[in-house]
Amino acid sequence: MNLTPEQVDALTELMNIGVGKAAGMLNQILEAHVYLQVPSIKIFPYADIRSVLHELVTTSLSVVKLVFKGPFSGTALLAFPPDSASNLVNILTGEETDAASDFDSIRVGALTEVGNIVLNGVMGSLSNILQEHLMYSVPVYVEDSIERLLEENNAEAESTIILANTELAIEKFKIKGNIILLFRVGLFAVLAKTLDDM
């Protein structure tokens, strides 16, 4: 099953609004401009998830992960390479840290809180615009490759995945990251109809 070009445009615009709101929140927290790329949308069978994610990023990442469920379900991720995560922690805590050092509970808490604000900003915008109620897990901080993180999704092998990815950059602090939404769409028709109704 596939989305029409019009539906992809609608989803891209939805993502633009959601990440724009999240970027505004980050902007306020860090007092620095957040640059956003236009979201990219990929649709593929779940069986291809490893190769698609390998194209996206290959390094180990510092990730805040939020699982959502409702008419459509999936995972929202705020992911940073280790150096960018360290820079962000330094700004938030006012302490110097090394990318190779273990994050202590304060640092993990700082990144989790940023992830919580950003991901809830994105998902809240989507939920409000689509007028669909979504339930969210508590955001979790993890360090691993995105591929490994998403193996835990346990989606049905025949299901369809929509991946929406937006790269962000805060040049002032040399921070780069990604806001990634993965929709598991056994409920694909629900999302497609919602986009048609926009």
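Here Ala, Val, Leu, Ile, Met, Phe, Trp, Tyr, Cys and Pro count as nonpolar, Asp, Glu, Lys and Arg as charged, and the others, Gly among them, as polar. All views come from a predicted model.

**View 1. The largest pocket and what lines it.** This pocket holds about 180 Å³ of space. Its lining is made of 12 residues, and E167, L168, K176, G177 and N178 sit nearest the centre. Three elements each hand over two or more lining residues: β1 (35–36), β7 (160–170) and β8 (175–185). Sorted by type, the lining comes out as seven nonpolar, three polar and two charged residues.

**View 2. Strand β7 and its surroundings.** Of the 11 residues in β7, 10 are buried, so the strand is largely enclosed by the rest of the structure. As a reminder, β7 is also among the elements giving two or more residues to the pocket lining.

**View 3. β7 paired with β1.** These two strands run antiparallel and are joined over two bridges. Look for Y35, which stands opposite A169 in β7.

**View 4. β7 paired with β2.** Strand β2 takes in residues 40–45, and it pairs with β7 over six bridges, again in the antiparallel sense.

**View 5. I106 on helix α4.** Helix α4 covers residues 105–130, and I106 is part of it. Is I106 buried or exposed? With a relative accessible area of 54%, I106 is exposed, because the cut-off for that label is over 50%. Also in view is T93: 13 residues separate it from I106 in sequence, with 8.1 Å between the two in space, C-alpha to C-alpha.

Definitions and conventions. Residues are numbered from 1 along each chain as its sequence is written. This is a predicted model: local features need pLDDT of at least 70, side-chain atom pairs count only at pLDDT 80 or more; totals for chains, interfaces and linings use all residues. Side-chain values use heavy atoms; hydrogens and water are left out. On a 1 Å grid over the protein atoms alone, a cavity is a set of points where a 1.4 Å probe fits but cannot get out, and a pocket is an open set with protein on both sides within 12 Å along at least five of seven lines; lining residues have an atom within 4 Å of a point. Grid points are joined across faces, edges and corners, and a volume is the space filled by probe spheres set on the points. Helices (H or I, at least four residues) and strands (E, at least two) are DSSP runs, numbered from the N terminus. Buried means under 20% relative accessible area, exposed over 50%, partly exposed in between (1.4 Å probe, protein chains only). Two strands pair if DSSP finds at least two bridges between them.
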